[in-house]
Amino acid sequence: MSLELSAAAPAIPPEATDGVWLADIETGETYAPFEEIRYTSDEDNLLEVRYADLPTFEDFQGQGRGVWRYHAALPFENGVSLPEGDTPLHRAPSIRDAAGVRSLRIKHEGMNPTGSFKDRGMTVGVRVAKELGVGRLACASTGNTSAALAAYGARGGMQTLVLLPAGKVAAGKIAQAALHDARILEVDGNFDDCLDIVQDLARRGEVYLLNSLNPFRLEGQKTIGLEILERFYEEYGRFPDRIILPVGNAGNTSALYKAFRELVQSGALRPSEVPKLTGVQAAGAAPMVEAVEHGWSDIERWDDVETRATAIRIGNPVNAPKALPGIRETGGTAIAVTDDEITVAQRDLAREGIGVEPASAASVAGLKKLRGRSRIDSDEDVVCLTTGHLLKDPDEAFKAGGNPEPVGGDTDAVLEHIGAN
Ligand SMILES: Cc1ncc(COP(=O)(O)O)c(C=O)c1O
Ligand SMILES: N[C@@H](CCOP(=O)(O)O)C(=O)O
């Protein structure tokens with residue numbers, strides 16, 4: 001397997017354009033990046049973007065904030081931007097104390113322009129789509145990818161088509177896709193079925209696919225990891241021991257691991273400084289956890305998946321062959337949490353003022369569970385990723401929170417209701 005943490009610099013193949021090329025992650029076969037549209041290799045393996053020049057932290061200095069600060073780690077200097085990235089790294093003292101870890105930060109990706117981390121991938125992905133001169137952008141989605149695709153497609157002046165599992169996408173996300181003028185197809189099937197269809201449409205040349213199977217999407221998402229390392233180091237003078245993240249299609253796990261591997265290859269980071277990537281899935285959709293527990297190099301697809309955290313209701317994480325080495329090589333792990341544990345964590349975050357959608361809270365639920373089982377040490381510095389904003393899923397927020405109380409329309413009625421004298 002070629003996805004190891006090593007300091008070996010890649011040799012530049014003849015297919016490279018401006019020092020950028022695509023490589024099959026299994027065989028190393030190389031391809032030109034922008035001459036033809038391809039998402040996988042001839043052997044149908046995953047592709048990743050490779051670079052002749054790998055970044056160091058010095059390359060990021062003085063480059064502004066947000067995703068494009070990290071252009072030294074990306075295929076272009078700028079993209080179709082709203083802008084994105086530069087999200088907060090909140091303290092959460094009550095959760096830190098309850099979990100009993102040395103430090104805890106919450107990287108709140110819900111603060112991106114469309115309310116999720118997908119924007120980081122889309123700013124790069126839509127830029128590449130323009131480079132390739134494609135007409136129609138498309139994705140399968142549990143909601144957030146469709147919201148981001150619709151917004152970035154609109155910004156780039158391109159048509160967008162989104163395939164959603166009927167009845168399984170949170171209201172806020174559909175509203176976003178609708179208002180940004182995506183053509184929305186509600187498919188009689190789950191997310192994995194939608195992705196099968198959209199891959200088929202892409203193979204037939206009908207659409208340009210912008211799910212995380214597209215290796216350029218993951219380049220933008222690498223910047224989550226770069227931002228965490230830079231900010232954490234600025235404050236603590238060290239890197240975090242562990243990053244805990246919700247896992248669906250396993251794009252972020254793959255992207256963060258790639259960001260860290262590239263820093264190791266450039267000599268900017270020692271292998272021992274790479275945070276342990278720790279994935280959390282909902283118990284009703286946990287093929288990655290199953291694969292980690294069994295030491296498999298790929299997942300077995302789950303055909304029946306169910307969870308309140310609809311964003312991670314995914315049974316066939318397409319990036320598993322990239323993400324599993326990331327968890328293994330960094331010394332991380334994976335765990336499944338119940339929907340009730342997710343809701344408790346969502347409330348815990350809300351009490352710290354951090355409003356997230358259910359899937360996001362899985363990271364904090366995972367932290368609590370792993371600490372409870374002593375699989376995370378008390379002296380660890382931990383960052384939990386929260387991936388989407390509370391307003392994405394208002395129905396679940398209502399269910400997790402308190403109920404509005406009807407009251408008469410005058411001050412006396414209000415005073416009486418709240419029990420004031
Ligand atoms: C809010 C939210 N959290 C987590 C995930 C999972 O991320 P990934 O697919 O990168 O594992 C998704 C989508 O997949 C999401 O929309
Ligand atoms: N949660 C995702 C599922 C698709 O993930 P992607 O990263 O492969 O686009 C969504 O929001 O649709």
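Predicted model: local features only at pLDDT ≥ 70, side-chain atom pairs only at ≥ 80, totals over all residues.
I take helices (H or I, at least four residues) and strands (E, at least two) as DSSP runs, numbered from the N terminus. Residues are numbered from 1 along each chain as its sequence is written, and chains are lettered from A and ligands numbered from 1 in the order in which they are written.

**Entry 1. A250 and G251**

I first looked up A250, which lies in the loop between β10 (242-246) and α7. Its phi is near 65 degrees, a positive value in a residue other than glycine. Most residues other than glycine have a negative phi, and most peptide bonds are trans.

I call a residue buried if 20 or more other C-beta atoms lie within 10 Å of its own, exposed if 12 or fewer, and partly exposed in between, with C-beta atoms placed from the backbone. A250 is buried because 27 other C-beta atoms lie within 10 Å. For contacts I require C-beta atoms, placed from the backbone, within 7 Å. Not counting residues up to four places away in sequence, A250 touches M288, P317, N319, A320 and A323.

I then turned to G251, which is found in helix α7. G251 counts as buried because it has 25 C-beta neighbours inside 10 Å. Leaving aside neighbours within four places in sequence, I find G251 in contact with S212, R217, L218, Q221 and N319.

**Entry 2. Ligand 1**

Which residues are closest to ligand 1? I list G248, G251, A311, T387 and G388, out of 17 residues that surround the ligand; a residue is near a molecule if its C-beta atom, placed from the backbone, lies within 6 Å of it. Helices α7 (251-266) and α11 (358-372) each supply at least two residues of this shell.

**Entry 3. UniProt annotations**

I consulted the unreviewed UniProt entry, whose "binding site" annotation covers N144, G248, N249, A250, G251, N252 and T387. These residues are spread over 244 residues of sequence but cluster in space, the largest C-alpha distance being 14.3 Å. UniProt positions are in the numbering used here, feature names are shortened, and annotations may be inferred rather than shown by experiment.

The unreviewed entry also lists K118 for "modified residue: N6-(pyridoxal phosphate)lysine". I place K118 in helix α2 (residues 118-132). Is K118 buried or exposed? K118 counts as buried because it has 34 C-beta neighbours inside 10 Å. Leaving aside neighbours within four places in sequence, K118 is in contact with N144, T145 and A148.

**Entry 4. Domains and core**

The domain assignment gives domain 1 (87-113 + 213-399) and domain 2 (134-205); such bounds come from an automatic or database assignment. I note that 17 residues of domain 1 are in contact with 14 residues of domain 2. The side of domain 1 that touches domain 2 has seven nonpolar, five polar and five charged residues. The C-alpha centres of the two domains lie 24 Å apart.

I took a nonpolar core as a set of buried Ala, Val, Leu, Ile, Met, Phe, Trp, Tyr and Cys residues joined through C-beta atoms within 7 Å. The largest such core has 124 residues, of which A138, L149, V162, V198, L209, M288 and A362 touch the most other members. At least three residues of this core come from each of domain 1 and domain 2. I followed M288 and found that, not counting residues up to four places away in sequence, it touches V247, A250, G279, Q281, I299, P317, A320, A323 and A334.

**Entry 5. Backbone and a helix**

I checked the peptide bond from L82 to P83, which is cis with omega near -15 degrees. P83 is found in the loop between β3 (47-51) and β4 (89-91).

D44 has a phi near 70 degrees, a positive value in a residue other than glycine. I locate D44 in the loop between β2 (30-31) and β3. D44 counts as exposed because it has 9 C-beta neighbours inside 10 Å.

Just after α13, I read a positive phi of about 75 degrees for G419.

Methods: Contact = placed C-beta atoms within 7 Å. Nonpolar A, V, L, I, M, F, W, Y, C, P; charged D, E, K, R; others polar.
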